[in-house]
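Colleague: I am new to this one. Could you take me through it, a question at a time?

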Amino acid sequence: MTVSDFVPVLIQIALAAGLAGAILTGSWLFGQRGSKNAIKNYAYECGIKSDGKTSTRFSVKFYVTAMLFILFDIEVLFLIPWVLVYRDFVASSLPILGPILFFIGVLVVGLVYELKKGALEWEK
């Protein structure tokens with residue numbers, strides 16, 4: 001590989017860095033600047049002053065459930081291309097059912113493991 005092979009990647013990195021810099025500079029130049037005082041910096045919601053803390057802490061269970069959702073959501077995205085090319089593989093006499101059944105089996109084993117560990121139970 002030569003340096004000329006990396007020119008498109010370097011151009012894309014330069015454009016991304018330039019765009020990010022332009023956005024930050026534009027925000028700094030044209031952004032709203034107000035006086036720093038306690039009343040204007042006070043957190044509120046819907047015009048009503050808050051009584052409690054402005055930042056709340058979330059339970060670890062929320063993050064575990066969110067990560068499991070993302071994990072299974074991404075794994076389902078792997079099934080969509082398989083569904084779209086299934087006929088082509090069968091027409092070409094290529095074995096595709098075995099690998100996808102193995103993939104779904106791993107998903108089921110993972111789901112059973114999560115259920116046994118109680119990762120999806122809120123009340124604990």
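Modeller: First a term: buried means under 20% relative accessible area, exposed over 50%, and partly exposed in between (1.4 Å probe, protein chains only). This is a predicted model, where local features need pLDDT of at least 70, side-chain atom pairs count only at pLDDT 80 or more, and totals for chains, interfaces and linings use all residues. Residues are numbered from 1 along each chain as its sequence is written, and side-chain values use heavy atoms, without hydrogens and water.

Colleague: Is Ser93 buried or exposed?

Modeller: Ser93 lies in the loop between α2 and α3. Helices are DSSP runs (H or I, at least four residues), numbered from the N terminus. Phi of Ser93 is positive, near 60 degrees, in a residue other than glycine. With a relative accessible area of 65%, Ser93 is exposed.

Colleague: Where does α2 bend?

Modeller: The bend is the angle between axes fitted to the seven residues ending at a residue and the seven starting there. In α2 that angle is about 50 degrees, at Val85.

Colleague: Which residues form the edge-to-face aromatic pair?

Modeller: Rings of Phe, Tyr and Trp (its six-membered ring) pair if their centres lie within 6.5 Å; planes under 30 degrees apart count as stacked, over 60 as edge-to-face and the rest as tilted. The structure holds two aromatic pairs. One has centres 6.4 Å apart and planes at 85 degrees, so it is edge-to-face: Phe78 and Phe103.

Terms used: Helix = DSSP H or I, 4+ residues; strand = E, 2+ residues; numbered from the N terminus.
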